[in-house]
Amino acid sequence: AVSAPVFGGKKRIRTFYDPAQQGGAVVEEVKSLFAEGFDVQDDARLIGLLSHADQRVRLNAQFELVNRGMAAQLNAVAVSAAQPELARIHAIWGLGQLGAGALAWQDFSVFSDEVLAQAVKIAGDSGALALQQASRELIGHSNARVSYFAAMTAGKLRDKAAIPALLRLAAQVAGNAGTTSDPHLRHAVVWALAAIGDRKAVKSAAADADAAVRMAVLLTLRKWQDPQIADYLADKDPWLVAEAARAIYDLPLATAMPRLAALATHPTVINNDNPQLSYALHRRVIHAAVRVGGEQGARYLLSYAADTSKPKAMREHALMALKNYTKPAPLDAVIGMYRPIPERDAVVVYAAIDDLMPALVKGDLGERALEVAVHYGRVPLDDKELLAMLKDKSTAAANQLSAMQALMGRDSARRSGVLAAAVKLSRASDAPALRVAGLEALAVLDRKTASAEAVAVASRAATVLEQQAAITLLGELGGEEAERWLGKALAALAERSHAPGTGLEILAAAEKVGGSAVQAQMPRYLASLPAGDVVAVRHTTLAGGDVSRGRSKFQTGGDCLRCHAVDGEGGNAGPDLAGIGAQYSALYLLEAMVTPGSAIAPGFGSVSLKLKDGSRVSGIMVGEDDTSLSVRAHSAHGEGGASRIQKADIEQQNGPVSGMPPMGLVLSAYDLRDIMAYLQSLK
């Protein structure tokens, strides 16, 4: 039987056999040999079996000859050109098991092709120091496998004299633009250089004119975790700069991290939008600055964002890294590993923002820059300049929103009347988010008026976003008016006649405000939820989510891409979700999130059947009709095609069962609502 992986789509192991060979002479011979045992075979028989068609037989013959200490016989087979290639290879492997002293040859002249490759390999594996020079001479051999094993053997034998030949091999396999034509050979070179461990000899080639040689030295330094690798950040070859950045950041090399971060203020050799090379470098430069920390790290980030020669997407990324600078996420943003950074006092960013942010706010990343400045309360514009942004119809809505948020936090704006003017402008805006900000700012100036306005907005606003914000504001303001409105809202929620998408906000605000009106209606709402129905309890997530936030959660914290793809991007343990919003209702999608077993896509549910004839079938149920099930069954040979099984023949059925965890029970209600919005957007 031959086992081989099948690639493309789902990964499975398939087992193949040829029925015509069953009962044949070779099969019967193998059966007989294993029944008898190899220890009862004579030496000549075992030697003959070294070239048998079945690898299991060859290996057992080899091991038995080794157990008998038959070094002379194995050497005779190994050096004989008259012997089959497989027999010679197994003889060489057996000699390797016996140790370096069992190798009778002084050089490799009696070997060629794959037999030569294996002889060189075994010389290294067995520690045959007597064959150091002979192995060294084969580095760079025309046969790539011979050259590969010769290089590896040089490393295993710690052959310092082989270093020049190894560096020549690195140059020999150089490709275009810092790449290699044979990554296997370059790996052998690097592994050998690192194993030999002669740092002085390797570093002497660090400035070699050949980029391929420099790359081999760089990768060797990486294996040694040598901080001198930072010298390559100034290399003229972009591939070496990127590779040095990977080594410093990914290992990490803490002592070299400041030099990587300093590239934020230097001209870099790769400033294009190639994500495989440019972004690999620039992301590490940006997040090295985050790790360096302090005021210096913040200055690096803002200097990078201000450099228009850098990729614009990465400049924006630098600004967002500064926004999260004082509270970095525990998962590393470059390699996704858990590398927490302690929280920092916001004061470390103030000087950098004060010095560098004014130019950024007025530049091509003004929207993001202003957002970051607002986040830290360090907007480099006075009250009148911010008000002018709100008055100017040509100002982007996002910038106007940032201006409004900045004014809300300023006592000077409240005292001067600028905030009141800003509220009036914002409330009259065409942008819902700006109208929301205006309502929130009104609460800063006049809580009573804001409460009345919030009631009006919550009752009849044109957008769900405004209704949600108004209800949330009522929860924060409290008071009799808020209590009365929330009591009525709870009654409507119990009848499912509330404004779609506002259920979560109603419940959260009611819990904050309390009061007799709320307490009178809460039992009525709770009674409207079917006992034990985990889907019905989450009806408030059916509408009102944010598609953008849902997409982000789907791709990151929700971990959905591990199993699901969208338009081919993601895992394949579950169905591709492209177009799912057009195929299924919101309720179906919620059921799939909360109770995956109740809504299983065809082809992704496991089923186990016991048939009336006593046999059992397990596999993936790919279809069902009134009289039968279609099951792609598991067997001793992997998963085959689908079989149709009549329901009348089934004694017991378990499943189908989904392999998906109940993510709707794990996620917060707000995250679930956002992901629901994203899934419904996939038309």
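The model is predicted: local features need pLDDT of at least 70, side-chain atom pairs count only at pLDDT 80 or more, and totals for chains, interfaces and linings use all residues. Residues are numbered from 1 along each chain as its sequence is written, and side-chain values use heavy atoms, with hydrogens and water left out.

Start with the overall form. The chain has 35 helices and nine strands. Both are DSSP runs numbered from the N terminus: helices are H or I with at least four residues, strands are E with at least two. The C-alpha trace spans about 105 × 75 × 35 Å along its principal axes. The radius of gyration of the chain is 35 Å, whereas a compact globule of 683 residues would have one near 26 Å. That radius is taken over C-alpha atoms, and the globule rule is 2.2 Å times the number of residues to the power 0.38.

Next, the surface and the packing. The chain exposes about 32400 Å², of which carbon and sulfur atoms supply 53%. Accessible areas come from the Shrake-Rupley method with a 1.4 Å probe; for residues, only the protein chains shown count as cover. Of the 683 residues, 46% are buried. Buried means under 20% relative accessible area, exposed means over 50%, and partly exposed lies in between (1.4 Å probe, protein chains only). Among contacts with a separation of 6 or more, 59% join residues 24 or more positions apart. A contact here is heavy atoms within 4.5 Å.

Now go inside. The largest nonpolar core has 174 residues, and those with the most contacts inside it are Trp-105, Phe-108, Leu-260 and Leu-322. Helix α12 (residues 211–224) gives the largest share of this core, nine residues. A second, separate core has 18 residues, including Leu-589, Leu-590, Val-594 and Leu-667. A nonpolar core is a set of buried Ala, Val, Leu, Ile, Met, Phe, Trp, Tyr and Cys residues joined through side-chain atoms within 4.5 Å. Look at Leu-260 itself. Not counting residues up to four places away in sequence, Leu-260 touches Leu-233, Ala-245, Ile-248, Tyr-249, Arg-284, Val-285 and Ala-288.

Then the backbone. Most residues other than glycine have a negative phi, and most peptide bonds are trans. The bond from Leu-251 to Pro-252 is cis, with omega near -10°. Pro-252 sits in the loop between α13 (238–250) and α14 (257–261). Arg-158 is not a glycine, yet has a positive phi of about 50°. Its place is the loop between α8 (144–156) and α9 (163–172). Arg-158 counts as partly exposed because its relative accessibility is 48%. Gln-225, also not a glycine, has a positive phi of about 55°. Gln-225 belongs to the loop between α12 and α13. With a relative accessible area of 46%, Gln-225 is partly exposed.

Turn to the charges. The whole structure holds 37 salt bridges. Each is a side-chain nitrogen of Lys or Arg within 4 Å of a carboxyl oxygen of Asp or Glu. One of them joins Asp-43 and Arg-68 (2.7 Å, N to O). Asp-43 is in helix α2 (residues 43–49) and Arg-68 in the loop between α3 (55–67) and α4 (71–79), so the pair ties together parts 25 residues apart in sequence. Another joins Asp-355 and Arg-299, whose closest N and O atoms are 2.6 Å apart. Asp-355 lies in helix α18 (residues 347–361) and Arg-299 in helix α16 (residues 294–306), so this pair ties together parts 56 residues apart in sequence. Lys-310 pairs with Asp-307, with closest N and O atoms 2.6 Å apart. Lys-310 is buried, at 3% relative accessible area, whereas Asp-307 is partly exposed at 23%. Glu-316, Lys-323, Arg-368 and Glu-371 form a network of salt bridges.

Val-534, Leu-665 and Val-666 make a nonpolar surface patch of about 240 Å². Patches are made of residues with over 30% relative accessible area and no salt bridge: like charges are joined within 9 Å, nonpolar side chains (Val, Leu, Ile, Met, Phe, Trp, Tyr) within 5 Å. Val-666 belongs to helix α34 (residues 663–666). Val-666 counts as exposed because its relative accessibility is 61%.
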